Amino acid sequence: LQDQGKYEESSKLFEQVLKVLQSSLGSQHPDTLTTQNNIAFVLKDQGKYEQSSKLFEQILKVEQSTLGSQHPDTLITQSNLALVLKRQGENEQSSKFYEQVLKSQQLILGSRLGISTQL
């Protein structure tokens with residue numbers, strides 16, 4: 001639906017799923033956070049950048065405290081937030097988030113491949 005430009009329908013479905021996930025799994029469960037991430041992305045696609053960035057920031061705080069800053073979901077949210085900030089013209093802040101994601105990915109991949117990375 002989202003790819004077809006049917007943002008209202010997409011948003012309503014994500015909101016319905018979110019309510020079910022929050023009541024059954026809790027607000028900090030990764031599936032709940034992923035659904036919130038999807039809602040923030042729909043807001044981004046609608047050009048509602050301020051709402052989108054606020055939601056991404058909320059999700060990021062929860063993911064950092066529950067999943068950790070190196071978790072793939074956390075890095076995805078951080079990258080999504082950087083994208084929205086870039087669209088808002090906040091290039092410096094956007095770049096900082098992108099750099100953090102890149103450093104984390106280099107550390108993760110380096111440790112998995114047995115490569116020492118100095119950042």
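In the predicted model, the buried residues of helix α2 are Thr-32, Leu-33, Thr-35, Gln-36, Asn-37, Ile-39, Ala-40, Val-42, Leu-43 and Lys-44, where buried denotes a relative accessible area under 20%, exposed one over 50%, and partly exposed the range in between (1.4 Å probe, protein chains only). These buried residues of α2 pack against α1, α3 and α4, a contact being defined by heavy atoms within 4.5 Å. Helices were assigned as DSSP runs of H or I with at least four residues, and strands as runs of E with at least two, both numbered from the N terminus. Gly-47, with a positive phi near 80°, follows α2.

Within α2, which covers residues 30-45, Thr-32 counts as buried because its relative accessible area is 0%. Apart from residues up to four places away in sequence, Thr-32 touches Leu-18, Leu-21, Gln-22, Leu-25, Gly-26 and Ser-27. Ser-27 lies in the loop between α1 (7-24) and α2 and is partly exposed, because its relative accessibility is 45%. With residues up to four places away again left out, the contacts of Ser-27 are Gln-22, Thr-32, Leu-33 and Gln-36. The C-alpha atoms of Ser-27 and Asp-45 are separated by 24 Å in space, the two residues being 18 apart in sequence.

The largest nonpolar core comprises 14 residues, and those with the most contacts inside it are Ile-39, Leu-55, Phe-56, Ile-59, Leu-81 and Phe-97. Two or more residues of this core are given by each of α2, α3 (49-66) and α4 (72-87). Such a core is a set of buried Ala, Val, Leu, Ile, Met, Phe, Trp, Tyr and Cys residues joined through side-chain atoms within 4.5 Å. In soluble globular proteins, nonpolar side chains tend to be buried together. Ile-39 touches Phe-14, Glu-15, Leu-18 and Leu-55, not counting residues up to four places away in sequence. Phe-56, which belongs to helix α3, is buried because its relative accessibility is 0%. Beyond its neighbours within four places in sequence, Phe-56 is in contact with Asn-37, Ala-40, Phe-41, Thr-77, Asn-80, Leu-81 and Val-84. Between Phe-56 and Phe-14, which are 42 residues apart in sequence, the C-alpha to C-alpha distance is 15 Å.

For α4, the end C-alpha atoms are 23 Å apart, in agreement with the 22 Å that its 16 residues should span at 1.5 Å a residue. The residues buried in α4 are Thr-74, Leu-75, Thr-77, Gln-78, Asn-80, Leu-81, Ala-82, Val-84 and Leu-85. Just after α4, Gly-89 adopts a positive phi of about 85°. Lys-103 is found in helix α5, which covers residues 91-113, and is partly exposed because its relative accessible area is 43%. Lys-103 and Gln-51, 52 residues apart in sequence, are 27 Å apart in space from C-alpha to C-alpha.

At the level of the whole protein chain, there are five helices and zero strands, and the elements follow the order α-α-α-α-α from the N terminus on. The C-alpha atoms fill a box of roughly 45 × 35 × 25 Å along the principal axes. Of the 119 residues, 31% count as buried, and residues 24 or more positions apart account for 43% of the contacts with a separation of 6 or more. The chain exposes about 7300 Å², of which carbon and sulfur atoms supply 49%; accessible areas come from the Shrake-Rupley method with a 1.4 Å probe, and for residues only the protein chains shown count as cover. The mean positions of the 12 positive and 13 negative charges are 2 Å apart. Lys and Arg count as positive and Asp and Glu as negative, without His and the chain ends, each charge being placed at NZ of Lys, CZ of Arg, CG of Asp or CD of Glu.

Residues are numbered from 1 along each chain as its sequence is written, and side-chain values use heavy atoms, with hydrogens and water left out. In this predicted model, local features need pLDDT of at least 70 and side-chain atom pairs count only at pLDDT 80 or more, whereas totals for chains, interfaces and linings use all residues.

Methods
The expected span of a helix is 1.5 Å times one less than its number of residues.
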